[in-house]
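Reader: Hello! Please show me how to read a few features of a protein model, one at a time.
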Amino acid sequence: MAHLYLEPATRTRTWWPTHAARWEATHDALVARDAIDLAIVAMSADSLRVSHATRGTAVIDRTPGRDPRDARWAYDAQHGDPLQLGGSHRGLSDADAWTLCAPSPYPDALVQLHALCTSARAGDVMLSAAEGWDLRSRHEPTAHVSTHGALLRDQMLVPLLLDAPVARQPQRTADVMPSSLDALGLAIPNGLDGRSFWS
């Protein structure tokens with residue numbers, strides 16, 4: 001992954017509509033490069049645009065809930081299906097979004113992209129490398145034979161060994177902490193990302 005900060009001197013987070021007039025052509029040129037799989041821009045705190053050179057553009061929208069884990073997700077694929085999710089989907093819970101994305105080339109993309117792209121530290125454009133490309137390889141002092149950080153399936157799936165049956169399938173690495181606390185009989189703090197897979 002690479003984060004591009006288009007106007008770093010401003011030191012404040014702004015959304016893509018603020019940059020589009022000046023930077024849309026640059027965005028499109030980046031999407032067209034062989035090294036780039038996906039380009040993602042945050043349209044607002046709850047809306048992202050995802051682009052792929054040949055699979056088009058889609059919008060991911062989040063409708064917040066009282067608890068951040070109660071958000072609802074929508075994937076609007078009317079201008080293409082860059083995440084290969086089989087068209088548009090609406091009203092998805094976190095678990096529904098995970099189930100939809102799990103068999104795709106981009107596991108958990110809806111939730112993860114939102115968390116990454118709307119963060120205060122995120123760049124104005126996020127780029128995910130195409131398979132076989134490393135966006136930082138020319139800066140590596142030694143041969144770089146493995147990688148992580150892109151949205152590709154091989155970089156998103158994490159093996160987890162458990163010695164007891166679970167109430168639900170583990171979905172995110174963020175589930176490990178609350179599950180560990182739950183297994184130890186300790187309280188899970190409010191606002192902690194993830195949910196216990198023991199209960």
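Author: Let's begin at Gln84, which belongs to the loop between strand S5 (72-80) and strand S6 (89-92). Helices (H or I, at least four residues) and strands (E, at least two) are DSSP runs numbered from the N terminus. The model is predicted, so local features need pLDDT of at least 70 and side-chain atom pairs 80 or more, while totals for chains, interfaces and linings use all residues. Residues are numbered from 1 along each chain as its sequence is written, and side-chain values use heavy atoms, without hydrogens or water.

Reader: What is the phi of Gln84?

Author: Most residues other than glycine have a negative phi. Gln84 has a positive phi, near 55°. With a relative accessible area of 37%, Gln84 is partly exposed (buried is under 20%, exposed over 50%, partly exposed in between, with a 1.4 Å probe and protein chains only).

Reader: And Asp108, is that residue buried or exposed?

Author: Asp108 is buried, at 5% relative accessibility. Asp108 lies in the loop between H2 and H3, and has a positive phi of about 60° although it is not a glycine.

Reader: Where is Leu161, and is it buried or exposed?

Author: Leu161 is in the loop between H4 and helix H5 (176-183). Leu161 is exposed, with a relative accessible area of 84%. The C-alpha atoms of Leu161 and Thr14 are 41 Å apart, and the two residues are separated by 147 residues along the chain.

Reader: How far apart are the end C-alpha atoms of helix H1?

Author: A helix has an expected span of 1.5 Å times one less than its number of residues. Helix H1 (residues 16-31) has 16 residues, and a straight helix would reach 22 Å, but the end C-alpha atoms of H1 are only 15 Å apart. H1 also has a kink of about 80° centred on Arg22, the bend being the angle between axes fitted to the seven residues ending there and the seven starting there.

Reader: Which residues of H1 are buried?

Author: They are Trp16, His19, Ala20, Trp23, His27, Leu30 and Val31. These buried residues pack against strand S1 (2-4), strand S2 (36-44), strand S3 (47-52) and strand S7 (125-129). Take His19, which is at 4% relative accessibility. Leaving aside neighbours within four places in sequence, His19 is in contact with Leu6, Glu7, Thr14, Glu24 and Asp124 (contact means heavy atoms within 4.5 Å).
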